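Try each task before reading its solution.

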Amino acid sequence: MVLLDDFSDREIEEEKKFSSKSSIDDNLNLIVRKYEEWLKRDSSYMLKEEYAKVFASLDDLKELKKRDIHYFVDYMQKYKEAEKYTISGIYLSALLEKSFNCGHNDFVIKTETPILWIGAYLSGKQHEKLFITIDGPAGMGTGYYGTNLFVRIKGKAEAGSGKRAENSVFIFEKRTGQTCCERTKNCYCIFNGYAGSWAGYETKDSTMVFNGNCGEDCASYTENSNVLINGNIGHLFGFLTRGTDFYSQNINTLNKVRVRKGGKKYLIKRGCAYEYT
């Protein structure tokens, strides 16, 4: 079940919620109707194509406020049995971008069960990131191929969250699945819990912070990046990197990292970093 941010009046009946003539309810009616139509359409399950279709279909919406989205997130749970419900995060992402383009930001989505693909293909602006907080578990592919995002996930994050994102920030407060923040470009990714295998794999021009323990092949094949290690690392951590520097307060950890092709290792002491060979 998904809860709403800034919405506490749980006793309002659905009929009353969507029967008002206010602009908010007009938007909700239209959003729900379009969502129902989208669920019925055949889909190739090409996520980028689906995102483009949904985004274009929302052109006739009035100003889309954060409250509209929060109501919809709660309401969409009644469609859990629909075949396309599993990729409904794509529809929600289009709503988020539309609202962002209307001047709104800093969205909070409270979840008790994961919703897949929230933030997939979503774009903020180069000098104004789109802020999303998932207050609960996050489904597979959160922020997938996102651009100019700032995503904070307070619960567990499923595989592929942050994968192939660009110019974005991801903060994982708890355990992550595999391949999170894989193949990112110009991103800043913080893993405060356990980082699943291949986290930060093949990143370019990015910064990875591992405050918890790691699975296998994390930060491997990275290029021109910085990696801070505060936990225990798994097998092949930092394997075959190019121009990537590694930082740690633990000498044993640095000894396990194989730096190649222009990268360096730094030992952190009393807040300062010293090259370690």
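Helices (H or I, at least four residues) and strands (E, at least two) are DSSP runs, numbered from the N terminus. This is a predicted model, in which local features need pLDDT of at least 70, side-chain atom pairs count only at pLDDT 80 or more, and totals for chains, interfaces and linings use all residues. Residues are numbered from 1 along each chain as its sequence is written, and side-chain values use heavy atoms, with hydrogens and water left out.

**Exercise 1. Helix H4 against helix H5**

Describe how H4 and H5 are arranged, and name the residues in their contact.

Step 1: Take the axes, which are lines fitted to C-alpha atoms, for helices over the stretch in contact, with angles from 0 to 180 degrees between N-to-C directions. Those of H4 (residues 66-75) and H5 (residues 88-101) come within 10 Å and cross at roughly 170 degrees.

Step 2: Classify the angle. Under 35 degrees counts as roughly parallel, over 145 as roughly antiparallel, 65 to 115 as roughly perpendicular and the rest as oblique. H4 and H5 are therefore roughly antiparallel.

Step 3: List the contact (heavy atoms within 4.5 Å). H4 supplies Lys-66, Ile-69, Phe-72 and Val-73, and H5 supplies Tyr-91, Leu-92, Leu-95, Leu-96 and Ser-99.

Step 4: Look at the covering of H4. Of its 10 residues, 8 are buried, including His-70 and Asp-74.

**Exercise 2. Helix H3 against helix H5**

Work out how H3 packs on H5, then follow Lys-98.

Step 1: H3 (residues 47-57) packs on H5 at an angle of about 50 degrees, with the axes 9 Å apart. This makes H3 oblique to H5.

Step 2: Leu-47, Glu-50, Tyr-51, Val-54 and Phe-55 of H3 meet Ile-90, Tyr-91, Ser-93, Ala-94, Glu-97, Lys-98 and Asn-101 of H5.

Step 3: Lys-98 lies in H5 and counts as buried because its relative accessibility is 15%. Leaving aside residues up to four places away in sequence, Lys-98 touches Phe-55, Leu-58, Asp-59 and Leu-64.

**Exercise 3. A link across the chain**

Step 1: Leu-28 is in helix H2 (residues 23-40), and with 0% relative accessibility Leu-28 counts as buried.

Step 2: Leu-28 and Phe-72 are 44 residues apart along the chain, and 6.9 Å separates their C-alpha atoms.

**Exercise 4. Strand pairing**

Trace the pairing of E6, E7 and E8.

Step 1: Strands pair if DSSP finds at least two bridges between them. E6 (residues 188-191) and E7 (residues 207-210) pair in the parallel sense over 4 bridges, and Phe-191 has Phe-210 in E7 as its bridge partner.

Step 2: E7 also pairs with E8 (residues 226-229) in the parallel sense over 4 bridges. There, Met-208 stands opposite Val-227 in E8.

How values were computed:
Buried < 20%, exposed > 50% of the residue type's maximum accessible area, 1.4 Å probe, protein only.
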